[in-house]
Structure formats: structure tokens, C-alpha cells
Amino acid sequence: QSYLEASEGNLVRSGDPVELGKTRLEMARLELTKGDRKRARELTQKAWQGLSGYTEELFPNDLRYLLETPERSPNLGNSDTPESVLQRFLDMMEELVPSDDLKEILHRSLAATNRFLGAERGGLFLFHEKSKRQGPTLWAACNLTEREVNADNFRSSLALIRKCFRERRPMLVRPRKFDRGRHEKNAMAILCLPVEVEGRVRGVFYHDNAYLDDCFDFLEGPVLVRLVRQISLFVERIWEYGRLIEERARGATKEAVQPELDGDQAILARSPVMVRLLAKAEKIANSESIVLLLGETGVGKELMARWIHRKSPRREGPYVVIDVPTIPENLLESELFGHEKGAFTGADRQKRGRIELAGGGTLFLDEIGELPLSIQSKLLRALDEKTSYRLGGNRALTSDFRPVAATNRDLEEEVASGRFRQDLYYRIHVFPLTLPPLRERGKDVILLARHFLASFAKKYGHTELKISPGDEAKLAAYEWPGNIRELKNVMERAVLLSSEGEVRLDLSMDPPSDSDHPFSDCPTMEELQRRYIRFVLQKTGGRISGSGGAAEMLDMDRVTLGRRMKKLGLK
């Protein structure tokens, strides 16, 4: 039984409806031997539904009596009209669109196409943009591998794909009816659909079936035309998503090398705890050791990293930033290490990674605790050997960079839970610096508040603004859960609300003037999101991903939450 259950799980993931149906039929027989007729009936009905158009040929007679229930009729599987089948397919395609993982979208779309068309295998074949002779290239697949595509017995199928591309029309072939030997020996029906993007055919959707030669018979002329149109529209959307993601990646790389900081970004501190920390940081800055910045969100870890770079012998070199939570996981490796032309779909040019760009300077790895395990091992090698390999490349590239990392996570806890490599933790834990929260910095709160007040007053054209002694007392008494970033936002809001030289300080600790309702101050939607995300981050101790993290509590993807936080000025 355990083997059958494992087979069922694997076949659900692979999307093979026929083999899944056969497995469920064997599971039903096993349940009958154990006397569990109800469970056997459930499995039999699932098998009937999954086999769809194959039921008359493949469904065993000895189990048909289990279908004779009020809930299920033996003829139910064949009651769907071509239009209703197509409509369910189109509805599912619409649900697949919102995602950043293009390969996952296409894999699921091919699995959906297989299921609704009654096919076993599917593939999206793209042709070279400038030459029809180059291609087709398997861009996405379901139950179809590169090895199978390159095999001799698939050549006739490739010829059909090329013909579909050249003639810009669907191709439906049943090899058994004229010459089975010319096509792949297991294919009894082949369907090719041209894919049109931006007004011209770019590729072909391929599907085949090894069990039935009439599985595509329901695709009559008008239905087939609608199917081709919808698939083309879907792939065109994916095409545009890929373009937007590539542009975003290029922009991120362009902005990775930061300019030298001006005096306005200096670290302001008079409290003993910060004076001691800066003295220690200045000594570390003159070394070549790895620095690990620790502390709550909003305490100024990124500003400290830039300060260390400016104080180091590498101050004339580049300062390169990679903000881990804001980069999609499937692009992180390429961003760090770069890629060669043709390394993956869409890699139409060579790209240098952030590690290469940081040569002779500093590489700041912000929120290193969010780095996936699959990339941590490669980063460890780059830190140890100062060498890396671009994706798709086999040449070791040397880069003399100085790493500075930051995180608000407890990395020891992450190591204990298996989410962070122990060897990488010891490698970056050479000189840890813990930045104190704002509530522990005493009068630095007033010093920073005055600095932000003057800066925003200049920015927004307000003059002679001062903080009253009463407001200073409020600022000193507040706990500042969002630390310096929260203080900065509060002072910007105070300047914007000021009038006639009077600063209007608005702290969340102040009781509402006319109501206890949480929305009595009528916050904007952006401010509302900022408050709630900050509240959730406090609940999770700054933890974004993983079990119990903010992303899970907010029911959001880790990368999406990272981008939203960056937009809202949260860290």
C-alpha cells in the first residue's frame, strides 16, 4: 500500500493522468480486499474522473459497478462538451498568471493543457528571434525531457513542430493511421499549436499521447482557433513578465555600485554606548576582516556598513550592495555570481555578478540571514577562496572584495534550526558588531530628531522650526520599536504637518484626541500598511520568512513582502 501511495503522490506531481488513474484503480482493488468498499468507491471515481476520455478503452469492467451511485454515473466522464472543457482550461490558465517564477507558470500551464486536452506530454518550443533555422529549443516541459527531444525517434515530431511554426497553423497528426514508424514509436496522437507573440509566431506548444489516437477529436475548428488564440495570449503575458523581470534585474545591477556618501549621511552619536561602538568599528574598518552587523530592524546597519567602507583603505573602490529579501530567489544566484550568455532562458548577454563588481572595494550583504541554503554553500566558497563561477561558465573568476554582512536574525538559532549553514556562520562571525536600539541611546534621540527636523525643513521649504521642550520629553520617553527609521518618519511627518513655525509631533503613543478608534487619525492606506507590517515584525522579532515569520503571518511571499517593505521605508 505504501508503494501505491508513493506512486500516487509522484504521478500527481508529474501530471500523468493515465498512469495516475491506473494506480488509483489498483489502490481501489487493494481496499476491496481489506473490505473497505467506501474507500474503494472513492478511489474508483477519482480514477474515472482522471482518465476522462480514456475511460471506455482503459477502465476495467470489474470495477465499473463501484460507479453506480447517485453521485456518479458511468457516462458522466463523457458529458463534457468541447466548449465546457475549453472554458475550464481557460479559467485555470488565468489563475496561473500572477507569479514571478516564469518556469513554474509554464510548467503548470503545460500540465493543465495535458490534463484538459487528454495529452501525456507537453512542451513549449521557441525559435530563435533572428533566424528560423535556429531552433526549436525546449523552453518549458511537462513529462518531456531534453534527452527525449534529442533522441532519433523524436526527429519526425521536431519536423512537425517546424512545419507548424512555418505555416502558422495548428497541426493534428495520428501517426498510426498512416505511418506509425515515421513518428516516435509511442506517440499515437500529436498536436502542435503555434504561439504568436507581438504579432508574429515565436514558438509552438507540443502535445502527444501514447494511448489513444482520438484523444484530440473534440478539438473542432472554432474551438481549436480559440485555443490557439488563448495560448498565444498567455505566452505573450509570460514574455512580458520576463522582460520586466530582466529590466528590474538590470536596474538593480546598475544601482548596486553606490556613490560616495556625503556629510549628511554621517553617523551622529554622543551616547557612551555608540561612542564606544564607533571606536571599535573604526579599528575594524582598517582591517580586511569580515564584519557582521547585528541589531533590530531600523537601527542603521546599512549606514554603518557604508561608514566602515568610507573609513577603510578600500574607500576609493566600489561599494556594492545586495539586498537579499528584495531580489527574487530564482535571480539571487545570477545577481551574486553573474551568468554567461545562454546560461538559461533569457540570458541573451553576459552579466557580471555583484561579487565581481565589488573587486577592490566592499560587498555589503544586507539581511544575509534570508539567503537560501542552496546559495550559502557557493557564497562560502567565494569568501574562502575569493573566486566564483558565473552561471553557465567554467572559468574561475577572482575578485578581491571585502565582505560586510548584516542581519536582524539570531543566526545561532538559525543554525540550530538548520536554516543557516554552521560553517558560513563561523566564517562571517569574525568581528560581530551589535548596534544598540534607539531606546538605549539616551539623548541621541533628541540629537537625531533635531538633525532630521533641520534636514526635512530644508527639503520642504520650512524655516525656523524647533522642537518644544514638551515634545523633546515625549521623544525621549517613547520606546521607538522602529528605531531610527521610525524617528526619521515621525520627523518628516512633523515637518509636513507644521504651520507658522510650530512643529506638530505625532507619535503613536499619543492617545487619540476624540476617539479610541485605531483609525481616528485617518491614516493613508500606505501608512496603514506601514503600521501593520511594523506591528507584525514586532510580533515575529524581525523574522521575515520561515515558520512563524512575518511573511507567513501576512500570507505573502517572502520576496513580495521584502519589496513592499522597501517601498514603505521599512527594513
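Two strands count as paired if DSSP finds at least two bridges between them; helices (H or I, at least four residues) and strands (E, at least two) are DSSP runs, numbered from the N terminus. This is a predicted model, where local features need pLDDT of at least 70, side-chain atom pairs count only at pLDDT 80 or more, and totals for chains, interfaces and linings use all residues. Residues are numbered from 1 along each chain as its sequence is written, and side-chain values use heavy atoms, with hydrogens and water left out.

Let's start with the sheet. β3 and β4 (residues 189-197) pair in the antiparallel sense over three bridges, with M171 opposite C192 in β4. They belong to an open, antiparallel sheet of five strands, ordered β2-β1-β5-β4-β3. β2 (137-142) and β3 (171-173) are the edge strands, each with a single partner, so one side of each has no neighbour in the sheet. From one strand to the next, the twist averages 20°. Helix α8 (residues 155-167) packs on the sheet, touching β1 (121-126), β3, β4 and β5 (200-209). The direction of α8 makes about 145° with that of β5 (axes are lines fitted to C-alpha atoms, for helices over the stretch in contact, and angles run from 0 to 180 degrees between N-to-C directions).

Now for the cores: sets of buried (under 20% relative accessible area, 1.4 Å probe, protein chains only) Ala, Val, Leu, Ile, Met, Phe, Trp, Tyr and Cys residues joined through side-chain atoms within 4.5 Å. The largest has 31 residues, and L336, L363, L365, F420 and I428 have the most contacts inside it. α14 gives the most to this core, with five residues. A second, separate core of 27 residues includes A111, L126, L193 and L227.

Terms used
Buried means under 20% relative accessible area, exposed over 50%, partly exposed in between (1.4 Å probe, protein chains only). Contact means heavy atoms within 4.5 Å.
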